[in-house]
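Please look over the structure shown here before reading on.

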Amino acid sequence: MHKIQTYCQVKFLEVFFNNIPEVSLSEMISGSENSKIYIELSSFLYSKACISVDSIAQILSLAQNGNPFFKKLIKASTSGGSEIIDYSKFFNNLLTELQVALNTPANSVHMYYQQNTVLSNSKFGWLTLDNENWQSRFGHLSIKKSYKVDRNNALNQFTGWSVLSSIELPINAAVIVDNYILDKPDHYKNNIFELMRNLLPEGLDHLDFDLAIITKRDLVNPKGKLEILNNFIQNLQLSYSVKITIYCTPADNPHDRDILTNYYRIHSGHSLDYYNKNGNIIKDTTLQIIGLTGEENNPHNLILRNIANVASRGKLDFDMYGDGNNRLFQM
């Protein structure tokens with residue numbers, strides 16, 4: 001599994017490991033949410049992360065003094081578990097300099113003991129945890145939902161693209177992969193427009209939102225369709241800019257129907273243009289929403305790397321139209 005880049009103060013780990021939730025017998029039987037999230041975060045720290053810490057010497061000292069959690073953390077790092085990286089020379093810059101924080105990977109996880117960090121104080125789109133809020137925030141990373149999309153109302157579970165606005169994970173970039181979602185402008189109102197309206201965050205500070213659309217090489221009039229999308233975004237009157245790029249790629253490149261963001265991906269069994277111009281569902285398929293830790297060996301980053309490789313070959317006004325940048329491709 002690709003390790004998730006994580007920046008972590010050792011003091012956060014100390015407080016976290018020293019506060020194992022007390023669970024009563026009834027909670028054990030019913031399944032305590034607090035203990036469930038604690039176990040999830042513990043598993044993440046031991047096996048799924050590449051952890052850049054502010055003091056590796058402090059971790060070694062705690063382990064040598066017999067702390068079982070830090071001993072386990074070190075043992076895991078030498079046996080295929082989470083990696084531990086000494087980031088002590090740069091960690092203070094991460095806490096105090098906005099540009100340093102904004103240059104961390106777009107799907108990195110940040111765990112701070114201090115609450116006055118630049119990422120925590122505003123809306124930037126990175127997932128930040130501290131010792132007060134980790135229980136309410138980290139659990140969203142394991143989201144895994146499935147919706148049946150069906151023309152038969154009695155079978156249909158998909159109530160529209162508002163399902164995206166209910167996902168409680170930060171976002172500052174997205175990639176939509178679909179050969180057909182831009183084919184029919186008269187379908188845009190109920191499909192790509194509603195998808196974008198619900199995908200975009202309410203606010204974003206000091207950043208543009210990067211949106212890439214990966215579609216087929218023979219898309220008719222991509223420049224005109226990019227203009228339609230930009231006009232829609234302009235009419236939303238957002239407090240930030242949205243930089244859209246359309247990539248028209250060859251048919252032999254990966255073209256699964258996916259939406260990938262900082263911390264979750266969406267997979268559809270059919271093209272994402274679910275509705276006709278009258279707002280009626282015209283597809284029978286399944287839509288899945290999966291967080292970075294929502295399944296074992298999540299291919300999220302592998303899919304992104306493959307798409308980034310394809311996008312890197314794009315040539316402006318030949319098979320690439322728009323800004324040409326997306327922070328999700330900078331892995």
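Why is helix 10 (residues 192-199) largely enclosed by the rest of the structure? Six of its eight residues are buried, so helix 10 is largely enclosed, where buried means under 20% relative accessible area, exposed over 50% and partly exposed in between, with a 1.4 Å probe and protein chains only.

## Basis of the report

This is a predicted model, in which local features need pLDDT of at least 70 and side-chain atom pairs count only at pLDDT 80 or more, while totals for chains, interfaces and linings use all residues. Residues are numbered from 1 along each chain as its sequence is written, and side-chain values use heavy atoms, with hydrogens and water left out. Helices (H or I, at least four residues) and strands (E, at least two) are DSSP runs, numbered from the N terminus.

## Helix 10 and its surroundings

The buried residues of helix 10 are I192, F193, L195, M196, N198 and L199. They pack against helix 9 (162-165), strand 7 (173-177), strand 8 (209-216), helix 11 (222-236), strand 10 (257-261) and strand 11 (264-268), contact being defined as heavy atoms within 4.5 Å.

With helix 11, the axes come within 11 Å and cross at roughly 45°; axes are lines fitted to C-alpha atoms, for helices over the stretch in contact, and angles run from 0 to 180 degrees between N-to-C directions. Helix 10 and helix 11 are therefore oblique to each other, since angles under 35 degrees count as roughly parallel, over 145 as roughly antiparallel, 65 to 115 as roughly perpendicular and the rest as oblique. On the helix 10 side, I192, F193, M196 and R197 take part, and they meet I228, L229, F232, I233 and L236 of helix 11. By class, this contact of helix 10 with helix 11 has eight nonpolar residues, no polar ones and one charged, where Ala, Val, Leu, Ile, Met, Phe, Trp, Tyr, Cys and Pro count as nonpolar, Asp, Glu, Lys and Arg as charged, and the others, Gly among them, as polar.

## Helix 4 and helix 5

The axes of helix 4 (residues 56-64) and helix 5 (residues 68-77) come within 7 Å and cross at roughly 120°, which makes helix 4 oblique to helix 5. Their contact is formed by I59, L60, L62 and A63 from helix 4 together with F70, K71 and I74 from helix 5. These residues divide into six nonpolar, no polar and one charged.

Within helix 4, the buried residues are I59, L62 and A63. They cover an arc of only 100° around the axis, which puts them on the same side of helix 4; the arc is that of the directions from the helix axis to the C-beta atoms. On the other side of helix 4, A57 and Q64 are exposed. The partners of the buried residues are helix 1 (10-17), strand 2 (49-53), helix 5 and strand 3 (83-86). After helix 4 comes G66, with a positive phi near 95°.

## Two loop residues with positive phi

H206, which is not a glycine, has a positive phi near 65°, and H206 lies in the loop between helix 10 and strand 8. At 63% relative accessibility, H206 counts as exposed.

D317, also not a glycine, has a positive phi of about 65°. D317 is found in the loop between helix 12 (300-311) and strand 13 (320-322), and at 45% relative accessibility D317 counts as partly exposed.
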